[in-house]
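User: I have a structure open and I'd like to talk it through. Can you walk me around it?

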Amino acid sequence: MTDVVSTAPPSSTGSNTADVAALIMELQAVGMRIETTLETSRKGGAGPSDSGMLWVEGVPVTVPPSADSPYALRAEDGSQGIYLHGVKVASVSGTSRPRFYDLTTADGVPYHQIALLHLDSLASTVVQTCNYWGNSDQCGFCGIGLSLASGATIAKKTPAMLAEVAVAAKELDGAVDATLTTGSSVAPDRGALYVARCGQAVKEAAGLPVEVQFEPPRDLTVLDRVHDMGIDAVGVHIESFDPAVLARVAPGKFRTGVDRYFQTWERAVEVFGEGRVSTYVILGMGEDPDLTVEMCRRAVDIGVYPFVVPLRPVAGSLMEHVPAPSREYTEPIYRKVAGFLAARGLGADTAVAGCARCQACSSLNLVQRAGAAPPCASPTGATRPAPLLQIGRRN
Ligand code: SF4
């Protein structure tokens with residue numbers, strides 16, 4: 001512990017889970033000014049996150065950078081802290097560059113172009129292309145093509161490359177699991193078998209638990225084949241339960257349909273077990289909060305972990321100018337969903353690997369640990385954010 005000063009509103013004493021949860025919800029809503037070096041940031045990539053990654057009071061967190069935020073990340077003697085109006089509210093660690101980033105493969109590919117360390121999770125988009133990218137189906141929050149265009153990564157990682165990097169990430173930087181995702185494919189398996197082959201190689205080489213993420217395969221027996229490769233957990237991400245939002249923000253996923261996601265999850269839970277199947281649910285895209293809570297309850301009831309996260313738009317994505325949702329909007333939803341998870345016996349620990357295990361992009365697990373609202377499906381009290389009028393969609 002350091003000389004953390006407890007101030008209101010939210011501050012952290014470092015010892016109270018509810019205080020830390022409140023601070024992290026606030027940081028993820030308003031972002032943080034970076035007034036020092038933060039070498040653990042993520043830009044672009046598949047999905048909805050553009051963030052700095054750090055440990056706040058020992059809790060893994062992703063926080064979007066924001067020049068306008070009242071919160072500032074500052075250097076201290078040998079460490080860093082988060083300040084609000086000149087007062088330190090939390091200690092920070094884990095912001096130095098991972099050591100494996102300085103290595104290269106025998107044929108000269110830098111390890112950091114193959115996978116990144118997201119706090120303590122090795123993460124890679126194994127195929128950096130998507131059949132929805134660059135056309136009218138592109139997901140508004142996604143940046144998969146941006147990091148490829150910038151040269152930060154390579155288009156396709158091989159199982160051998162990922163295995164080599166995973167061993168180094170574990171030995172040099174303490175990676176505890178691997179999270180592998182892929183752009184969507186038009187193939188019947190939607191890319192699931194290739195990302196699973198990559199996961200199998202990582203697990204065999206480094207012994208890390210592995211989550212792989214993909215869109216619903218056309219043939220659900222693909223899930224058995226993914227499991228047979230030794231994969232521990234899967235993420236099949238619907239992103240929003242509100243069909244109107246999905247139609248506008250992720251048209252390809254809208255066409256897949258909510259029912260198909262549920263069919264996929266049900267089969268996946270049969271194969272992988274309760275809590276080892278998760279889905280991203282992004283807040284702040286104009287969704288109906290009560291519908292969102294009710295559908296999260298339905299997902300939890302079949303053993304699926306709905307990983308509820310605030311939108312933090314990727315710079316350069318179609319939604320780059322959409323603001324993150326406020327803590328006043330996200331907190332009631334977290335509390336409801338955390339109650340459902342607690343009642344079902346699900347949590348970050350049951351996820352074993354991947355985003356739901358890491359939890360850095362959400363306060364859901366902290367809210368659950370702090371004690372959530374009793375599980376019921378009553379209205380959230382959350383105010384529906386204004387509908388998005390435009391997201392700069394390509395045609
Ligand atoms: S399906 Fe959507 S979120 Fe996933 S990689 Fe493709 S465009 Fe990005």
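Analyst: Here is a short tour, from the whole chain down to single residues.

Analyst: This is a predicted model, where local features need pLDDT of at least 70, side-chain atom pairs count only at pLDDT 80 or more, and totals for chains, interfaces and linings use all residues. Residues are numbered from 1 along each chain as its sequence is written, and side-chain values use heavy atoms, with hydrogens and water left out.

User: Okay. How many helices and strands are in the protein chain?

Analyst: The protein chain has 13 helices and 14 strands. Helices (H or I, at least four residues) and strands (E, at least two) are DSSP runs, numbered from the N terminus.

User: And what share of the residues counts as buried?

Analyst: Of the 395 residues in the protein chain, 60% count as buried. Buried means under 20% relative accessible area, exposed means over 50%, and partly exposed is in between (1.4 Å probe, protein chains only).

User: What about contacts along the chain, how many join residues at least 24 apart?

Analyst: Take contacts between residues at least 6 apart in sequence: 76% of them join residues at least 24 apart. Contact means heavy atoms within 4.5 Å.

User: Which residues have the most contacts inside the largest nonpolar core?

Analyst: They are I82, V226 and W265, in a core of 113 residues. A nonpolar core is a set of buried Ala, Val, Leu, Ile, Met, Phe, Trp, Tyr and Cys residues joined through side-chain atoms within 4.5 Å. In soluble globular proteins, nonpolar side chains tend to be buried together.

User: What does I82 touch, then?

Analyst: Leaving aside neighbours within four places in sequence, I82 has contacts that include L27, M32, V56, Y71 and V89.

User: New topic. Which residues surround the ligand?

Analyst: The shell is C130, Y132, C139, F141, C142, I144, G183 and K253. A residue is near a molecule or strand if one of its heavy atoms lies within 4 Å of it.

User: How many of the shell residues are nonpolar, polar and charged?

Analyst: Six are nonpolar, one is polar and one is charged. Ala, Val, Leu, Ile, Met, Phe, Trp, Tyr, Cys and Pro count as nonpolar, Asp, Glu, Lys and Arg as charged, and the others, Gly among them, as polar.

User: Let's look at K253. Is K253 buried or exposed?

Analyst: K253 counts as buried because its relative accessibility is 5%. K253 sits in helix α7, residues 251-256.

User: What does K253 touch?

Analyst: Not counting residues up to four places away in sequence, K253 touches Y132, C139, E215, H237, I238, E239, L246 and Y261. Y132 and C139 also belong to the shell around the ligand.

User: What lines the largest cavity?

Analyst: The lining is M25, Q28, A29, P310, P325, T330, Y334 and S363. Five of these residues are nonpolar, three are polar and none is charged. The largest share, three residues, comes from α1. Both α1 (17-30) and α10 (327-344) supply at least two lining residues.

User: Now the loops. Which loop holds H85?

Analyst: H85 lies in the loop between β6 (79-84) and β7 (87-93). H85 is not a glycine, yet its phi is positive, about 50°. Most residues other than glycine have a negative phi. H85 counts as exposed because its relative accessibility is 67%.

User: And where is L119?

Analyst: L119 is in the loop between β8 (116-118) and β9 (121-125). Phi of L119 is also positive, near 65°. L119 counts as buried, at 11% relative accessibility.

User: Last one. What is R276 in contact with?

Analyst: Leaving aside neighbours within four places in sequence, R276 is in contact with D232, A233, V234, T350 and V352. R276 is partly exposed, with a relative accessible area of 29%. T350 is found in helix α11, residues 348-351. T350 counts as partly exposed too, at 22% relative accessibility.

How values were computed:
On a 1 Å grid over the protein atoms alone, a cavity is a set of points where a 1.4 Å probe fits but cannot get out, and a pocket is an open set with protein on both sides within 12 Å along at least five of seven lines; lining residues have an atom within 4 Å of a point.
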